[in-house]
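Thanks for coming, everyone. I'll take you through one model today, piece by piece. Have a look at it first.

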Amino acid sequence: MLQVNDLHKKYGNEVALAGVTLSVARGEVVVLMGPSGCGKSTLLRCINRLVEPDQGEIWFNGQSVRDMDDDLLRSYRRRLGFVFQHFNLIARLSVLENVSLGLIMAGAHREKALQAAREALRKVDIAPSLHHRLPAALSGGQRQRVGIARAIVSQPDLMLWDEPTASLDPILVQEVLAVMEELVVTTKAGMLIVTHELPFALRLADRLVIMDKGRIAEAGAPEAILTAPTSEVGAGYRRLWQARFMDGDHPRAHRSRAATQGMPPAAAGSSLRVQKKWAGDMEGGRGAWAGNRRSSTPSTLRA
Ligand SMILES: Nc1ncnc2c1ncn2[C@@H]1O[C@H](COP(=O)(O)OP(=O)(O)OP(=O)(O)O)[C@@H](O)[C@H]1O
Ligand SMILES: [Mg+2]
């Protein structure tokens, strides 16, 4: 669906991207990590053309993004959902107006746009009593969930997440991560997610991509990288993982611990996805989950 080839970008003399090649398939979840300044945000901004790259190609469903005129670019951007680190909500518009604005600007009927916005806000657990508040009257976690609602309201094919939890109070991080997990599990969009949340990456990513100094340092299955990294930065993440989360066991053990021990994953502190997997196993047997992580979430489990 998305293919980036040999992308380069400099800001003055500062090299932000030094030849990045990356793909995201339909429905795939790719987590992007790397040290500060390695070019993650620049890559995301080039993909939606908030930043113009100097060199390289970006293809989306067979179309060259760099060659799109204004009309094509507008319709391309409607196929993307972008979640920013700093929310970027419009301060003088209410929650509902922020979420519906993009649809209305794209020509949707006002009532239909508001209805879609209400549905998107429901998915991120923003209660109707908050719909008419201004962003300033929300907590950081609520603001970011509104930012997520704005990104999903047009049912994008590809979602780009730029450190959605990085500017949040630690207490609020979990509520946003829970919403992100729910979306990863239940929506079919491809996802390119910049985050430093290692447990999140391990649980949910199909592929982990590690960047360093404007390049891809390594890419692969998250547990493979956290077990046997081939790059310096990958080794750094492995050390971080071992120090913070593992108590010495293997990443795969973390990934499947709750299921293998047969205890309710909520008690084991596991993700929503693992909890759902566990409950799905209980209700309908394993088969429902095998091979497709996101299409078979039992509807009875929705809150
Ligand atoms: N608008 C800009 N003008 C000049 N230099 C920039 C600009 N934006 C980014 N840079 C530089 O480009 C490089 C890559 O920045 P980028 O923001 O893409 O990194 P990042 O990996 O997202 O970092 P972080 O984890 O801190 O968000 C850095 O050296 C940064 O200083
Ligand atoms: Mg960044």
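Let's start with a helix pair. Helix H5, residues 140–152, and helix H6, residues 170–186, have axes that come within 8 Å and cross at roughly 20°. Keep in mind that this is a predicted model. Angles under 35 degrees count as roughly parallel, so H5 and H6 are roughly parallel to each other. Their crossing is right-handed.

Who makes the contact? From H5, we have Gly-140, Gly-141, Gln-144, Arg-145, Ile-148 and Ile-152. From H6, we have Leu-172, Glu-175, Val-176, Val-179 and Leu-183. By class, that is six nonpolar, three polar and two charged residues.

Now the open sheet. Six strands form it, in the order S6-S7-S8-S3-S9-S10, and the pairing is mixed. Which strands stand at the edges? Strand S6 (80–83) and strand S10 (215–220) do. Each has a single partner strand, so one side of each is left without a neighbour in the sheet. On average, neighbouring strands here are turned by 15° against each other, direction ignored.

Inside that order, S3 (residues 29–33) pairs with S9 (residues 207–212) in the parallel sense, over four bridges. Met-33 stands opposite Ile-210 in S9. Helix H1, residues 40–47, lies across S3, S7, S8 and S9. H1 runs at about 150° to S7.

Last, the hairpin. Strands S1 (residues 2–11) and S2 (residues 14–24) run antiparallel, joined by eight bridges. Gln-3 has Ser-23 in S2 as its bridge partner. Two residues sit between the strands, and Gly-12 in the turn has a positive phi of about 60°.

Technical notes
Residues are numbered from 1 along each chain as its sequence is written. Chains are lettered from A and ligands numbered from 1 in the order in which they are written. This is a predicted model: local features need pLDDT of at least 70, side-chain atom pairs count only at pLDDT 80 or more; totals for chains, interfaces and linings use all residues. Two strands pair if DSSP finds at least two bridges between them. Axes are lines fitted to C-alpha atoms, for helices over the stretch in contact, and angles run from 0 to 180 degrees between N-to-C directions. Two residues are in contact if their C-beta atoms, placed from the backbone, lie within 7 Å. Angles under 35 degrees count as roughly parallel, over 145 as roughly antiparallel, 65 to 115 as roughly perpendicular and the rest as oblique. A crossing is left-handed if the near helix is turned anticlockwise from the far one by less than a right angle, and right-handed if clockwise. Ala, Val, Leu, Ile, Met, Phe, Trp, Tyr, Cys and Pro count as nonpolar, Asp, Glu, Lys and Arg as charged, and the others, Gly among them, as polar.
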